[in-house]
Amino acid sequence: MAETAIGQAEFQRNVIDNLRFILRAAVVLIHAFHADLEHIEVYSTFKYANCVSFCWIAVRWFFVISGYFFFVRGDFTPKVYVNKLKARVWTLLIPYLFWNGAAILLYGVVLKLLPGGAGTWTLDMNLSSIWGALWGGEVAMGDRATPIVYQMWFIRDLMVIVLLSPLLYWLIKWTRGWAVLALGACWMTGFWLPDWIGNYGLSSTAVFFFALGAVAGIYRKDLIQIAGRMKWVSFILFPLVVVSAVLLRDTEWQPWLRNTAILVGVVFWTNLTAELMRYDLLKIGKWFVRAGFFIYLAHQPWVTPVIGKFTEPLFSFSAAGLCMATYVDTALTMVICLGIYWLMMKWVPKFGNLITGGR
């Protein structure tokens with residue numbers, strides 16, 4: 001088996017790298033769905049099934065591994081904290097500002113100058129609108145205010161929780177990790193801070209799942225081994241909860257089943273990836289793993305919506321065709337982004353490293 005050949009520490013790293021790429025595909029997939037088609041029952045059910053079983057797991061899992069790697073290496077001293085903040089300027093802040101800034105120029109300037117651009121959504125170029133587009137307010141995803149590049153809400157919330165990481169570290173150490181249960185209860189029930197805080201950078205999702213990974217990191221635990229102890233429970237429970245969530249999505253049980261599916265899904269996808277790798281059934285190259293972050297950053301609004309305008313008419317012959325189009329759009333988006341990334345790193349590698357955080 002792969003695990004015994006390369007050692008558990010490297011095996012954990014490889015599992016995380018492979019699952020990173022897979023779940024970045026999940027982020028692309030959720031943005032390949034068309035909101036204006038959700039009145040079609042088959043399409044709406046198909047979207048929900050994909051979200052609850054795959055797409056919604058992605059960002060939560062990203063928070064877990066972010067919390068884990070933030071704390072796992074060495075003691076968390078003031079000097080370490082300052083050094084980590086400096087590193088996050090390059091890996092988080094600069095990509096965040098670049099991609100949101102580019103989208104602000106697109107919607108605030110370019111589309112207004114193009115013929116027919118007035119027929120699309122554009123951004124008013126005043127300070128209030130620009131701040132809303134940069135931090136959250138101009139775009140809403142569900143009940144969450146998001147930046148104009150709305151997948152960036154993950155990076156926004158991650159930057160906030162990183163700034164507050166000494167408080168989280170103290171809380172975890174003081175309670176010996178039990179505080180995570182209280183944070184999990186807040187996330188599960190929706191009992192959290194006022195919306196003007198919780199929806200703009202300090203969400204219960206970010207705090208709970210980052211803390212979940214932080215506990216493992218602070219106490220030097222192996223994430224794959226922790227998940228492995230729940231392997232068969234997750235393999236049995238996850239499909240049952242997902243099916244229940246889909247069947248009961250219009251009932252009062254929906255929030256509980258959705259959140260349970262997400263929580264179990266984090267464990268399920270970790271175990272599934274580890275099992276496939278143990279038997280050499282999955283191996284994603286390092287180049288693709290590095291390119292995955294560019295896919296995450298660039299797919300929306302630059303690639304996926306454009307592809308969707310071409311594929312939707314081709315697959316509009318039935319509801320099943322429209323469902324199939326989301327997978328086609330996802331695959332084409334990833335191929336195009338990989339091609340752009342290859343060209344960028346070949347011709348302007350310094351620029352490519354800058355806008356992707358050096359990953």
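Mentor: A salt bridge is a side-chain nitrogen of Lys or Arg within 4 Å of a carboxyl oxygen of Asp or Glu. This model is predicted, so local features need pLDDT of at least 70 and side-chain atom pairs count only at pLDDT 80 or more, while totals for chains, interfaces and linings use all residues. Residues are numbered from 1 along each chain as its sequence is written, and side-chain values use heavy atoms, without hydrogens or water.

Trainee: How many salt bridges does the structure hold?

Mentor: Side chains of opposite charge can pair when their charged atoms come close. In this model, one of the pairs joins R249 and E41, with 3.1 Å from N to O. The number of salt bridges in the structure is seven.

Trainee: How many residues apart in sequence are the parts that R249 and E41 tie together?

Mentor: E41 belongs to helix α3 (residues 41–71); a helix here is a DSSP run of H or I with at least four residues, numbered from the N terminus. R249 sits in the loop between α12 (231–247) and α13 (254–278). The pair therefore ties together parts whose separation in sequence, in residues, is 208.

Trainee: Which residues beyond its neighbours within four places in sequence are in contact with L134?

Mentor: L134 is part of helix α5 (residues 127–135). From L134 to V149 the C-alpha distance is 8.4 Å, with a separation of 15 residues in sequence. One of the contacts of L134 is L97, which has its place in helix α4.

Trainee: Is the peptide bond from Q300 to P301 cis or trans?

Mentor: P301 lies in helix α14, which covers residues 286–302. Most residues other than glycine have a negative phi, and most peptide bonds are trans. For the bond from Q300 to P301, omega is near 10°, and the bond is cis.

Trainee: What is the phi of R220, and is it positive or negative?

Mentor: R220 is found in the loop between α10 and α11 (223–228). This residue is not a glycine, yet its phi is positive, at about 55°.

Key: Helices (H or I, at least four residues) and strands (E, at least two) are DSSP runs, numbered from the N terminus. Contact means heavy atoms within 4.5 Å.
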